[in-house]
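Please go through the helix packing and the sheet of this model with me, setting each value against the definition behind it.

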Amino acid sequence: MKKLLFQLDTDPIPNTFDVVVAYDAGVDHVTPLGGITPAEVGRLVEGVVFTRPPAAKKFSALFVTGSNMAAGEAVLAAVRGQFFGQFRVSVMLDSNGSNTTAAAAIAQLAAEVPLAGKRAVILGGTGPVGQRAATMLALAGASVVLTSRSLARASAACRAMNERFGIALQPAVASDPTTTAASLAEAHIVMTTGAAGLELLPQALWANHPTLAVVIDTNTTPPAGIGGIELQDQGTLRHGKRCYGGLGFGGLKLELQRVCVAQLFDANDRVLDAPEVFALASELVRRR
Ligand SMILES: NC(=O)c1ccc[n+]([C@@H]2O[C@H](COP(=O)([O-])OP(=O)(O)OC[C@H]3O[C@@H](n4cnc5c(N)ncnc54)[C@H](OP(=O)(O)O)[C@@H]3O)[C@@H](O)[C@H]2O)c1
């Protein structure tokens, strides 16, 4: 039976990254579909849940992608709402690589540094990667501040994650060097998850910081999101702090995404979102 993956992308044109990784994970055929909203989900789900006999349903799966986290979550909820009884297939949410990127970074970090009780700040945290990184740090026991240029956007992102995952993210504004420095008071960990190619944290704000011990960037498009670190940094000590660049956990992210996609075809009832992807990432790190 052929393994079929339907990519439901909330952007008009589906991304190519997830198609390549899906084939590398062993999928036989990927169907990328763009512009997906909850309104389209009904007939797409019917097409995969009614076509194969119970024992073969696990050979069809859904993968929700796109650049908007809330839109991806709405599609995931609509997909799950269509399932009943055995009429279901496995589904994963990974808008803009959010779950796999965040899980790779945080699981790698958790293996090297205890996170419980630490204060973590996610700069530029309102995008998909920031929301999931904040969530995973909170699930690992850290107290997490998520920043934006706008308090309303930070508050909305925190509210959404808190309601969804039962955590307590705190919003803050970081829109210039003064407010960014204020958001970092007493912080042990800072992670930048701003849009590609933006420096959100200049070196002067972290190099001599009295409490920061870990500095993590997710941006892979120059310039780095954090001044003074290198793309390839992987726990590199700079100014006495452990530094991670956007490519420092890139290999783990890709391996994790392949493992997640492969797992979708092990059973017809998997739902992979932040907690499940984080658990898989932690397992991969333990086995390395
Ligand atoms: N390393 C990897 O394997 C990997 C994988 C996927 C993604 N990434 C990278 O991870 C980062 C986050 O991805 P994402 O998709 O979550 O990001 P995103 O949605 O594109 O942007 C995140 C946030 O950046 C802020 N922002 C946008 N323009 C800005 C500006 N001019 N000045 C200051 N802040 C600005 C916005 O927050 P506010 O408007 O609320 O301030 C936005 O919500 C990106 O750099 C992406 O390239 C890396």
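Q: Why are helix 4 and helix 5 called oblique to each other?
A: In this predicted model, helix 4 (residues 98-112) and helix 5 (residues 128-139) pack at an angle of about 45°. Angles under 35 degrees count as roughly parallel, over 145 as roughly antiparallel, 65 to 115 as roughly perpendicular and the rest as oblique, and helix 4 and helix 5 are therefore oblique. Their axes, lines fitted to C-alpha atoms over the stretch in contact, with angles running from 0 to 180 degrees between N-to-C directions, lie 8 Å apart.

Q: Which residues of helix 4 and helix 5 meet?
A: Taking contact as C-beta atoms, placed from the backbone, within 7 Å, those of helix 4 include Ala 102 and Ile 106, and those of helix 5 include Val 129 and Leu 137. The residues of this contact divide into nine nonpolar, four polar and one charged, where Ala, Val, Leu, Ile, Met, Phe, Trp, Tyr, Cys and Pro count as nonpolar, Asp, Glu, Lys and Arg as charged, and the others, Gly among them, as polar.

Q: What makes strand 4 and strand 12 a pair?
A: Two strands pair if DSSP finds at least two bridges between them, and two bridges join strand 4 (residues 90-93) to strand 12, running parallel; in one of these, Met 92 has Leu 272 as its partner.

Q: What makes strand 2 and strand 12 edge strands?
A: In the open sheet of order 2-1-3-4-12, strand 2 (29-33) and strand 12 (271-272) each pair on one side only.

Residues are numbered from 1 along each chain as its sequence is written. For this predicted model, local features need pLDDT of at least 70, side-chain atom pairs count only at pLDDT 80 or more, and totals for chains, interfaces and linings use all residues.

Note on methods: Helix = DSSP H or I, 4+ residues; strand = E, 2+ residues; numbered from the N terminus. Contact = placed C-beta atoms within 7 Å.
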